[in-house]
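Student: I should like to learn how to read the features of a model, one at a time. Where shall we begin?

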Amino acid sequence: MSKRVIVDPITRIEGHLRVEVIVGDDGVVEDAFASSTLWRGLEVIAKGRDPRNIPLMMQRICGVCTYSHYLKSTMAVEDALGIKIPYNAELVRTLMNAALFIHDHPVHFYHLHGVDWVDIVSALSADEKKASELAFKYTDNPIGTGENELKKVKETIAKFAKNPQGLGPFANAYWGHKTFRFTPEQNLIALSHYLKALEMQRTAAQLMAIFGGKQPHPQSLAIGGVTCVMDILNPARMGEYLVKFQAMADFINNAYYADIVMAVEMYKTEPSVMKPMGVKNFMAHKEFMIGRNEYLFDSGIIKDGDLSKVFDIDEDMITEEATHSWYKNDNPLHPYKGETEPNYTGFVDGETVGPDGKMVKTKQIDETKKYSWIKSPRYNGEPMEVGPLASILVSYVRGNKKVQAVVGEFLAKTGVPASALLSTLGRTGARMLQAKLIADNALVAFNNLIENLKVDQETCATYTIDKDKEYHGRGIGDVPRGMLSHWIRIKNGVVENYQAVVPSTWNAGPMDSSGVKGPYEADLIGLKIEDLTQPLEIIRIIHSYDPCIACAVHVMDTKGKTLSEYKVNPLYGGCSI
Amino acid sequence: MKDNSLFNKLSSRLDELSNLPKLDDEVSISKLIEEKGFSRREFMGWAGAMTSMLMLPASFTPLVAKAAEMADRLPLVWLHMAECTGCSESLLRSATPSIDSLIFDYISLEYHETIMAAAGWQAEQNLEHAIEKYKGRYILMVEGGIPHGQSDYFLTLGAHARTGEEIAVNASEHAAAIFAIGTCSSFGGVQAAAPNPTNATALSNVISKPVINVPGCPPSESNIVGTLLHFILYGTLPALDVYNRPKWAYGLRIHDACERRGRFDAGEFVQQFGDDGAKNGYCLYKVGCKGPYTFNNCSKQKFNQGTSWPVQAGHGCMGCSEPDFWDAMGIVHEPLGNRLYHTAFGGMGSDATADKIGRGILTVTAIGIAAHALISVIKKPKD
């Protein structure tokens, strides 16, 4: 008989997420549901406020991708007011964005996703000498894998492991799970990088703080540009950015890259991470202006896994609906026409698999009704995956030379075909490839900034807000978790309406009115789970998307606003990213 | 002598603590410090810095060092409510290799959803076990506002879909000390800004035990570590201001120790971002700095290992460690006097707001600043 398994809380993510799966006697997932269990309602709060206050407020959607919402919200206001920001400001924003990505992606892989791949307890039985030699197989310049270093790492963990209560944050996890594929030596290498990455992420955060004042939640954007003019005119400060950036780039190229190559080698035969994806549509937006009209990643849509074609994005095709979301109006509506009021219907009583495998009474969702605070976004009625994998695939198919070179090299090195990217493992790998592309290319923006400062020191455009005029606009682009857009309407000098269509909403949304599932849910169907009390396979798939659930669920439109007169600005494509 | 009595009190507190069982008999923090490559001298240097941060006399340095060594008596439970994880991220920024992070390595982090390896049932078990095993001994830190009362369903957790409020109340019952980390759990935060659609509120409003507020969006890691040390030293609440913020961290205005204070006194102001004044580090008051109304130690401690802070990056303070700052601090890039929309104070004008924000804490200077705000608004050229 089929059984229901609940995983709540999904830890090592941003926000609050519950997953429920129905599993057959053979341990294969027959149906799956993702539910977000927190709602904050920031768009409601935005209404009636001064537009200048909105970017800092929207930044508080998420403290992990801490710059993403700040930037896109600022761009939305600038687009509405028709502001063209100075070239210097564009480049500084790119450098801050680079700092975010090369912080966020490694932190995700090592600290949030890492222990899905790495069995820390197994590392205890590693031979550190062998491990140290093995590290050269994956890179010519290994980091943190000297024999002595690895010995120290082992001792640190051994001390933890001696006392079962002393495992602290590593206690009670799925150690020894059958689907762990690394050898003890490989586990030890990755574990050493887990600790090293804790140190490196502080450096990456300092990179953001050089121009941003602090990280998390940098505070140096203004409508019209950036405020950190003293920092960019200070050569010592620029040197600090350069040196720290290079240290982080080195870590990405020689630890992160190497560990993913190692993961592909060992996990490419693990069915739970190689099974076909549920949703094979991908959407990404151009991002990273590194020079005038020069972007690192491209825009487009790939349909049904067909890597021979890429389509342009038509934003009128974007809708969100709430058939299974805890809001009143179920209908699919364009973000500008959205109307939503909370309509919480809660959980129902049920019996699900308990911690020891026996059935226990719990609360469960009612999947025939509403079951999540996340809405279901659709493009032309279809679900889309967004994120680094989408960005890499779209750019690759578009013929982006930089992306093609890096992907080609990676595929050659790992010996897998491009189609292997369409998997959980591929999604995790693509995130690293995106980090590498940024690490290898963002300093083009740095050099262009230096060149431009010689002739132009403008950092912030001036503007006025006419209280008698109405404005609308939006900021769009790819952030670490995928395509993000913020949409604003301004009337009487204050916010009339605010919307954010967020990456994790695309990926984590519940079924639509036709019962079509979004990427999280669709990806879990057909998954074989070895041990229902240790659903590591589920966690691994969900983590591969890098969930940011506070991002996904804040979305709410103001009540009953009809905004059908809105037209997407055709000039937008050529405007500031 | 006053000093002596305090000294004696703290000494006996530490003696008491040292009789408590350690989490792990095999290691001590002094051993750990040695292993991580710190000398005793470096450790004492850090203790000296913390002593002065905590505004204690220099003679207390050995006590602070001893208190740090007592950290191994403290299991830590960290809960996530309605939040953005920024405070957890701030905690992760604690520098390595530094004593701050050492202490966090060393404290037994029993429950922290962003970091812990366990998930689902196993995660819930970890929380239950920690509360049971360390009854009356664990530290509770809470991040995020809490949807409250009839609206508590806006946050649920675990297979039994218990509300965030229920979990926070339950975890607080047996905690030795409770800290609200960040402005959301201290004062409700961004989700509690008008019209507060989820009825989110501060931790102190949902539990009946004393809460020490460590606000900021997010607070710096030194304020978190300092708060903890202070607890170990005193075993009681530190001296608090009217908003239950530790005075040693939130006792001074940003403005008082600001690196651009000389510019303010000289009347040299940035008129708009990117102008010559901005290039030369003029005061940011007229482009909206709320430093004069904000109590925190950012201008001294900075962020990210002293890399910078907003004012250094040319952007004014936004007042993020003050209650209701989203509603009360006006427009971010204008002086407080020029407010456009409704606020918590019913739009009574800048001096009323400034007075209210600084209730009982602002000094006479503040009146001058409020006056300055008015003058500045009058003088502001129409654009």
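Tutor: Let us begin with helix packing, for which axes are lines fitted to C-alpha atoms, for helices over the stretch in contact, and angles run from 0 to 180 degrees between N-to-C directions. Helices (H or I, at least four residues) and strands (E, at least two) are DSSP runs, numbered from the N terminus. This is a predicted model, in which local features need pLDDT of at least 70 and side-chain atom pairs count only at pLDDT 80 or more, while totals for chains, interfaces and linings use all residues. Residues are numbered from 1 along each chain as its sequence is written, and chains are lettered from A and ligands numbered from 1 in the order in which they are written.

Student: At what angle do helix α3 and helix α4 of chain B pack?

Tutor: Helix α3 (residues 40–53) and helix α4 (residues 61–69) of chain B pack at about 110°, and their axes are 8 Å apart. Angles under 35 degrees count as roughly parallel, over 145 as roughly antiparallel, 65 to 115 as roughly perpendicular and the rest as oblique. The angle therefore makes α3(B) roughly perpendicular to α4(B).

Student: Which residues make the contact of α3(B) with α4(B)?

Tutor: Two residues are in contact if their C-beta atoms, placed from the backbone, lie within 7 Å. From α3(B) the contact takes B:Phe43, B:Met44, B:Ala47, B:Gly48, B:Met50 and B:Thr51, and from α4(B) it takes B:Thr61, B:Val64, B:Ala65 and B:Ala68. As to class, Ala, Val, Leu, Ile, Met, Phe, Trp, Tyr, Cys and Pro count as nonpolar, Asp, Glu, Lys and Arg as charged, and the others, Gly among them, as polar.

Student: How is the crossing of α11(A) and α12(A) to be read, as left-handed or right-handed?

Tutor: A crossing is left-handed if the near helix is turned anticlockwise from the far one by less than a right angle, and right-handed if clockwise. The axes of α11 (residues 388–398) and α12 (residues 401–414) of chain A come within 8 Å and cross at roughly 110°, which means that α11(A) is roughly perpendicular to α12(A). Their crossing is left-handed. A:Ile392, A:Ser395 and A:Tyr396 of α11(A) meet A:Val403, A:Gln404 and A:Val407 of α12(A). This contact has 4 nonpolar, 2 polar and no charged residues.

Student: At what angle do the axes of α12(A) and α13(A) cross?

Tutor: The axes of α12(A) and helix α13 (residues 424–441) of chain A cross at roughly 125° and come within 11 Å. The two helices are therefore oblique to each other, and their crossing is right-handed. On the α12(A) side the contact is made by A:Lys402, A:Val403, A:Val406, A:Val407 and A:Phe410, and on the α13(A) side by A:Leu433, A:Lys436, A:Leu437 and A:Asn441. These residues divide into 6 nonpolar, 1 polar and 2 charged.

Student: How many residues of chain A are in contact with chain B?

Tutor: In chain A, 85 residues are in contact with 74 residues of chain B. α7(A) gives the most to the side of chain A that touches chain B, with 10 residues. By class, that side has 38 nonpolar, 31 polar and 16 charged residues.

Student: What are the domains of chain B?

Tutor: Domain bounds come from an automatic or database domain assignment. For chain B the assignment gives domain 1 (2–250) and domain 2 (254–379). Their contact takes 17 residues from domain 1 and 17 residues from domain 2.

Student: Which peptide bonds are cis, and which residue has a positive phi?

Tutor: Most residues other than glycine have a negative phi, and most peptide bonds are trans. Here, a cis peptide bond joins A:Asp8 and A:Pro9, with omega about 5°; A:Pro9 is in the loop between β1 and β2 (17–23) of chain A. Another cis peptide bond joins B:Cys217 and B:Pro218, with omega about -5°, and B:Pro218 is in the loop between β9 (212–214) and α10 (221–234) of chain B. A:Asn293 is not a glycine, yet has a positive phi of about 55°.

Student: Where in chain B does pLDDT stay under 50?

Tutor: pLDDT is the predictor's confidence in each residue, from 0 to 100. Its mean for chain B is 81, and 82% of the residues of chain B reach 70 or more. Over residues 338–383 of chain B, however, pLDDT stays under 50. Where pLDDT is low, the predicted coordinates should not be read in detail.
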